[in-house]
Amino acid sequence: MSNHPPAEVPEPLFADADAEARWRARFTAARVTLPHWAQDAPDRNHYLSNSSGVWEVYAWDRATDIHRQVTNRPNGTSHAAISPDGERLWWFADTDGDEFGTWVCEPFAGRPANSPPVPAVDGAVPGYPAGAAVGHHATVVGVSNDDGTTIFLSRQGGPADVVYQHATDAGVAALSRDERLLAIAHSEHGDNRHPALRVLAVADGSTVADKWDGEGKGLDAVGFSPVAGDPRLLVVHERRGREELLIWDVLAGTETELTIDLPGEVTAEWCPDGRAILVVHTHEARNTLHRYDIERGELSKLDTLRGTVGSADVRPDGTVEYSWSNAAAPTVIRALYTDGTERVLLEPAGAKAPASVEVEDAFVPSDSGTVHALIARPAGAPAGPLPTVFSLHGGPHSADEDRFSAYRAVWLDAGFAVVHVNYRGSTGYGSAWRDAIEGRPGLTELADVAAVHTWAVDKGLADPARCVVTGASWGGYLSLLALGVQPDRWAAGVAAVPVADYLAAYEDEMEPLRAFDRALFGGSPQEVPDRYVECSPITYVDQVRAPVLVLAGENDPRCPIRQIDNYLDRLAARGADYAMYRYEAGHGSLVVAETIRQTAVEVGFAMRAVGLA
């Protein structure tokens, strides 16, 4: 139970009925993710959708065009997989969003009424998910807990053996097409921000090959070749200070770096014949798609609209399927055929999400280099400074992009300009930019936020007396830190599921995040206590002057509730102006109605703080 003042839930948020209906419709409109198909039965697919009002797993038989809701859980489901023969669907079953649970499965066609799903791997133990791979004869799941990471391998449906166990963070990366080789990512060298790779023999769990690029250089296994018997593994590396691609023949012990002449960073997916890859290129918060012929070294650009590709894959017939949106246009699932034609592939029934407005780029000079920001102004807004929300992304290994966001759109509807800052720590801008926060996280990012804030005020975009800082997860952490470190810049702050007291958060959070923090800070709180104290919002709580709203999940394993209560207790002791919204789930909510409620709380709080309500 909480004794903190509860946040007001405005009903309605806007007095204008059309505006109220419009912002809610963006959240309630049914959405789907890119379908994933069974390797040997590509008509059998699964995807996630919020069509029921909760994000759940769905099955889709393309041959009959029958869609079936697979899961129906109070707080939703976010992890799923399908067996290569298309006969079984897997999903991860946690409890009320706590992310701790087990993989379960059921037939693609469904299970008998009132019959529960069965454990997917006999002998695996509950824990936090650390990857999974489903084969015909071999199935693999990774489990993380306070003891580290354990990887379980079941052969021919028998009880699972432990093929890997280590106190550090690790995970399942890829299973070869012939199910003879298993790739795992690990951090035995002590840095899970820059993982190494190991390939094990499925037959006996022995080590086949290892690859580590050294300190500060991570490797990410995309997947083995889709051709049976082909031991090539597609890998993302960062040897030249940005994410690029190589192909590693794990049996021959050879590798080929792919020279792709594009600015920014790249990842990829295999094409079905193993002779080409589909390259997803990221540059300045937008994506393009390309086909790269491995043998010829030829790169050809595919025809996609300007915006963000959320995910993409290549069908057996060569069709490229991908999810796409931009700031103005809601997400659609599209199919691009080999003859150059395309269409919308998968569109859920019901009303469509109303459009929003485009974002513009700003490249802001700062002492650390050029900071890329995305700017949006309300449609029809008058010239001159506006109340402005600085919306800080989570991660920190993430970035704000030119993609559709119902959350951004409601702030615009409320009369705020919106500024997204891809601060140091963000991905897509090279390794040095991403890793610049190491040793001093939080405070480093806020220097970039301050530079963009000053620019926005000087350019006449932002009203300096009505700027709000907001974010969730790492963005929530930055918001709380900003309110204490930069109190003169902010009229209000909103922090959803934040780190508020770093020392207590480290004690209570899931082990993979402790490992992340050790890599980020250069040690544990016992080893470098002053760094954790310097970068913790609670250190600066007595300097907070603006009204504060905090939203937190009771079952959050990433930003646990106790450390948030510690921070709020300190605000309460000062008689500060603050409110709390507490809900029964984990690190965010998969329930649409709950997301709407939280959004109304956030925007309503900020509107009152800056005089818009």
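How many salt bridges does the structure hold? The structure holds 45 salt bridges, a salt bridge being a side-chain nitrogen of Lys or Arg within 4 Å of a carboxyl oxygen of Asp or Glu. The model is predicted: local features need pLDDT of at least 70 and side-chain atom pairs count only at pLDDT 80 or more, while totals for chains, interfaces and linings use all residues. Residues are numbered from 1 along each chain as its sequence is written, and side-chain values use heavy atoms, with hydrogens and water left out.

**View 1. Salt bridge between E8 and R608.** The N to O distance is 3.7 Å. E8 lies in the segment before α1 (17–28) and R608 in helix α10 (residues 592–610), so the pair links parts of the chain 600 residues apart (helices, H or I, at least four residues, and strands, E, at least two, are DSSP runs numbered from the N terminus). E8 is partly exposed at 45% relative accessible area, and R608 is partly exposed at 34% (buried means under 20%, exposed over 50%, partly exposed in between; 1.4 Å probe, protein chains only).

**View 2. Salt bridge between R286 and D402.** The closest N and O atoms are 2.9 Å apart. R286 sits in strand β23 (residues 286–293), and D402, 116 residues away, in the loop between β31 (386–392) and α2 (406–413). Both R286 and D402 are buried.

**View 3. Salt bridge between E534 and R440.** The side chains meet at 3.6 Å, N to O. E534 belongs to helix α8 (residues 529–534), and R440 to the loop between α3 (431–435) and α4 (443–458), 94 residues apart. E534 is partly exposed at 33% relative accessibility, as is R440 at 38%.
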